[in-house]
Amino acid sequence: MKLAAKISISMVLLALLATLIVAVLSGIAARDSFDNYVDKNLSYRLELFAGLLTEYHRDNNGWSDVQSVFDAQSKGRGMGGGNGRIAQGVPGAGHRMGPSMGPIMGSNTGDFLLMDSNGKIIAASDSAYIGKPVPEDTIKNRLTLTVNNAAVGTLIMVNNQRGEWESEFINSVNKATLWAAVVASVIALIFGIFISRHLSKPIAMLTLAAKRLAGRELGYRAAVTTGDEIGELASSFNNMAESLERNERLRRNLLADTAHELRTPLAILRGNLESMQEGVITASPETIISMHDEVLRITRLVNELQEISLADAGELRLNRREVRVEELVEKVTMLSSSDARHKNINFAVDIPAGLPAVDVDPDRMVQVLLNILGNALRFTKPGGMITLSAILENDEVAFSIKDTGVGIAADELASVFERFYRSDQSRARSGGGAGLGLAIAKSLVEAHGGRIWAESKINEGSSFSFTVPVYQG
């Protein structure tokens, strides 16, 4: 089932569930309120009619011809006119009874019975009750009538039809609820279709983008049309696609660079060997040294590729121990100062006294420093300056290598630590690098739990910094 159908069905079911809950709760509340209303209304009518009968007894000194009062009410005649007197047809009425009250007995109020002080029914809204025993099982309410503090009778209400009233009222509520459920379902279906289309359209676009990306169309991007979670998903997808495209480009560069780096030394070795076989040249010390240099070049490239492979697999082995910062700097200075002098580049060391020892693998850390220094030496012109420094920052020692080289463009600065990346392809190849040195340095620093970053300005130079933890003992 498609997402649009699921959303539409869910909206309709939610509307029906909400309507059902409202119907149940409103039915309970309506039944209670209606029962309370009916009880109050019937009590009011009973008290009103009891007052009328009490006045009748007082005016007539008894219950003679009291049935006429019941007959008048049964016929729907009011208890008083506009002048406040009891209506005609009620014998013995001759004084004011208050404002007009209208009919007290309604078609659904049940039957009113008047029982005298002897327990005999002497008047009733239905004359069939007169002279018969009081129907105790059908009594709904009763009220004692008193005149001058003496009980003169009892007014009884039997067979009120509250159940029918209640059923009619609840049925009307249920019908209204049913129509509300139908209307709510239709509205929920319309909104469900609208919302499902609104949600499923960008998801369908993402699905298409994923399929095209799987088909090696790495340049395809999903359209970001919303600012919600789906829009964030589309942005994340585009970032992933961009990363895949960049990695694919770097992978191709790696293959091309590796082929180039291997082709040149192998061609030299092959040419020298073939010339020696043909007797064109002899195996002189100079020839042997030249061939040895090319073998070292191949070995260096293979070692760098192995380092990257181990970093990808998370299998870089570190022999960490307590190492003095001065010890690391001395090794790096000894190995790099001669290259700096050969290229006529000034090399300086700025290490304050009293720096604490660091918790590192010394061979790996020397490799990090040499990789960064090699990069600085490669892009610093003769007469330039390279400075190696270190300072204490909290529980870390921060190393920094600054140069006055050609610098790195701002849009390329974030990519310098990526594997196989070269800011200048032709210059990097001519320098013999494969674009792996800084990537290896980043992997080694992060394996020690440190951070590495770069800052640079074109034609002003670059600064590469990294941190390593202080030895805690």
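Where is the place of Asn-272?

Modeller: Asn-272 lies in helix 4, which spans residues 229–277; helices (DSSP runs of H or I, at least four residues) and strands (runs of E, at least two) are numbered from the N terminus. This is a predicted model, in which local features need pLDDT of at least 70 and side-chain atom pairs count only at pLDDT 80 or more, while totals for chains, interfaces and linings use all residues. Residues are numbered from 1 along each chain as its sequence is written, and side-chain values use heavy atoms, with hydrogens and water left out.

Asn-272 counts as buried because its relative accessibility is 17%; buried means under 20% relative accessible area, exposed over 50%, and partly exposed in between, with a 1.4 Å probe and protein chains only. Leaving aside residues up to four places away in sequence, Asn-272 touches Ile-281, Thr-287, Ser-290 and Met-291, a contact being heavy atoms within 4.5 Å. Ile-288 is 16 residues from Asn-272 in sequence, and their C-alpha atoms are 9.2 Å apart in space.

Among contacts with a separation of 6 or more, 67% join residues 24 or more positions apart.

Confidence should be kept in view. The average pLDDT, the predictor's confidence in each residue from 0 to 100, is 79 for the protein, and 86% of the residues score at least 70. Over residues 77–102, pLDDT stays under 50, as it does over residues 425–432.

Helix 10 (residues 437–447) is largely enclosed by the rest of the structure, because 8 of its 11 residues are buried. Those buried residues include Leu-438, Ile-440 and Leu-444. In the contact between the two helices, residues of helix 7 such as Val-368 and Ile-372 meet residues of helix 10, including Leu-438 and Ala-441. The residues of this contact divide into 7 nonpolar, 4 polar and 1 charged, where Ala, Val, Leu, Ile, Met, Phe, Trp, Tyr, Cys and Pro count as nonpolar, Asp, Glu, Lys and Arg as charged, and the others, Gly among them, as polar. After helix 10 comes Gly-449, with a positive phi near 85°.

Definitions and conventions
Axes fitted to C-alpha atoms, helices over the stretch in contact; angles between N-to-C directions.
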